[in-house]
Amino acid sequence: MNRTAKMNTRLLAAFVVFTAALAVGCQGTSTDKYMTRTDALEQLRAIEPFAPEAVVKDETPPAEGAAGTPGEKPQAAPAEVSLTIEECRAAALEGNLDLKVALYSPAIAAESVTQEEARFEASLFSKLLFAKTDAPTASTLSSSKAESVAGNLGVNVPLKTGGTITLDLPASRYKDNNAFSTLNPAYTSDFSASISQPLLNGAGVTANTHSIRVARYQADISRAETKLACMRVVAGVDRVYWQLYSARKLLDVRKNEYDLAVAQLERAKRQADAGLAKEVDVISAETGVAERLEAVIIADNDSRLRERDLKRALNREHLDMESSTVVVPVTEPDPVHYNFDPARLVHAAMENRMELLELELQLAQDQSSIDYARNQRLPGLALGYRYTVNGLGGTLGDSMDLMRDKRFEDHSVTLDFSVPLGNADARSRLRQALTTRVQRLATRESRQAEITQEVLNALDQIEANWQRLLAN
């Protein structure tokens with residue numbers, strides 16, 4: 001065994017060992033490092049019993065400096081906070097958690113647009129090849145040993161029309177043991193420019209920018225959904241604010257009723273002691289006190305629930321849901337009666353509802369998909385042209401000088417044609433796109449009818465509430 005064979009054997013053994021080690025390492029790879037909770041997978045394997053003793057409230061006061069900086073007293077939450085409805089709206093727009101989640105969607109959708117537009121960026125490519133051959137030959141006219149080095153450097157420019165422009169500079173060096181070779185070694189350096197353009201399937205700016213349009217429509221839909229989320233957050237804050245206002249007023253009423261029931265019980269007891277009332281009157285008064293106390297407990301609990309809803313919507317610093325801070329709504333209701341025109345109100349809803357705007361964007365996306373599907377039904381026909389300037393010499397400089405003189409030029413034109421037999425896939429995709437658009441049109445009509453009903457129902461409810469207000 002010669003030295004070259006031994007070296008090849010060692011390289012083959014090293015490659016086998018490296019491949020085996022890589023395979024073992026891949027088998028041991030785990031995805032646990034991507035999880036933030038190390039005990040999450042363990043929860044899938046067992047049902048742990050609930051221990052109430054572990055979550056019982058600790059009555060022992062915390063030691064000084066237990067939280068925060070050692071020796072520093074923790075900042076106490078305020079006992080009461082007065083908020084106007086304007087302050088609540090501003091705080092919700094700034095800190096609401098649901099809104100923070102929704103605000104990321106437009107940025108993610110915008111990156112999708114950038115990714116689709118990047119498909120038409122030019123790319124630089126290069127290639128380097130080294131080959132050494134040693135083969136027996138049957139003729140002295142053929143070389144048995146040869147050594148070649150080849151490289152290429154170029155640029156690919158994709159076009160929005162569907163075509164591609166390629167500019168490259170291939171160069172090579174070739175040396176062999178053929179006694180009849182005129183140049184040995186021989187250097188070649190060429191310049192080549194080519195363009196390929198489809199004429200039917202995949203041709204045109206409309207077909208090749210379809211994915212960009214879809215991404216832009218999706219980005220617009222994401223912005224519409226985010227705007228809708230902002231509107232819902234503000235509307236939800238208003239709703240919860242007035243629910244808390246109503247719950248606190250109701251709690252005050254229930255407390256007054258309880259105080260009156262206690263006074264009535266004391267009066268019934270005095271009258272019973274004086275012989276002016278029967279024992280059943282005392283029992284009835286005690287029942288009234290118990291009922292009023294239950295009403296106070298229910299109203300107090302409802303007030304806490306509405307207060308916690310408002311705290312969650314605001315997500316304000318030092319006003320978390322676990323704090324004992326009492327939120328006092330200070331904005332007083334100022335009802336104003338408006339004589340709405342139902343037709344104008346419905347028209348305004350049709351113009352401004354984000355759900356309908358989202359459907360319009362989806363319909364535009366569907367139309368773009370239909371045009372793209374129609375283009376994909378066409379047979380493939382591509383026209384190509386290539387221009388090459390050739391250079392050859394005993395040195396690299398000689399070959400480049402010959403290339404610059406442009407004495408040897410090549411021109412080639414190609415025409416490729418292909419058509420699928422049956423073309424069932426493209427036809428099916430077109431029918432699917434058409435059916436999707438028809439379905440979306442029906443959805444828009446249904447959504448318009450639903451919005452009209454919502455507006456008219458809300459208008460009747462507003463009028464009924466105004467009449468109730470006047471009656472009260």
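Entry 1, confidence. I am working from a predicted model. For the protein, the average pLDDT is 87, and 87% of the residues reach at least 70. I also noted residues 65–71, where pLDDT stays under 50. For that stretch I found six contacts beyond four places in sequence.

Entry 2, strand β1. I checked which residues of β1 (residues 80–83) lie on its covered face. They are Val81 and Leu83, while Glu80 and Ser82 make up the uncovered face. Side chains in a regular strand alternate between the two faces of the sheet. I then looked for the pairing of β1 and found strand β7 (residues 326–329), parallel to β1 and joined to it by four bridges. Val81, from the covered face, has Val327 of β7 as its bridge partner.

I listed the members of a nonpolar surface patch: Ile195, Leu199, Leu383, Tyr385, Val413 and Leu415. Together they have about 540 Å² of accessible area. Two elements, β8 (380–389) and β10 (409–418), each give two or more residues to the patch.

I followed up one member, Leu199, which sits in the loop between β6 and α4 (205–208). Is Leu199 buried or partly exposed? Its relative accessible area is 41%, so I recorded Leu199 as partly exposed.

Notes
Residues are numbered from 1 along each chain as its sequence is written. This is a predicted model: local features need pLDDT of at least 70, side-chain atom pairs count only at pLDDT 80 or more; totals for chains, interfaces and linings use all residues. Side-chain values use heavy atoms; hydrogens and water are left out. pLDDT is the predictor's confidence in each residue, from 0 to 100. Contact means heavy atoms within 4.5 Å. Buried means under 20% relative accessible area, exposed over 50%, partly exposed in between (1.4 Å probe, protein chains only). Two strands pair if DSSP finds at least two bridges between them. Patches are made of residues with over 30% relative accessible area and no salt bridge: like charges are joined within 9 Å, nonpolar side chains (Val, Leu, Ile, Met, Phe, Trp, Tyr) within 5 Å. Accessible areas come from the Shrake-Rupley method with a 1.4 Å probe; for residues, only the protein chains shown count as cover. A salt bridge is a side-chain nitrogen of Lys or Arg within 4 Å of a carboxyl oxygen of Asp or Glu.
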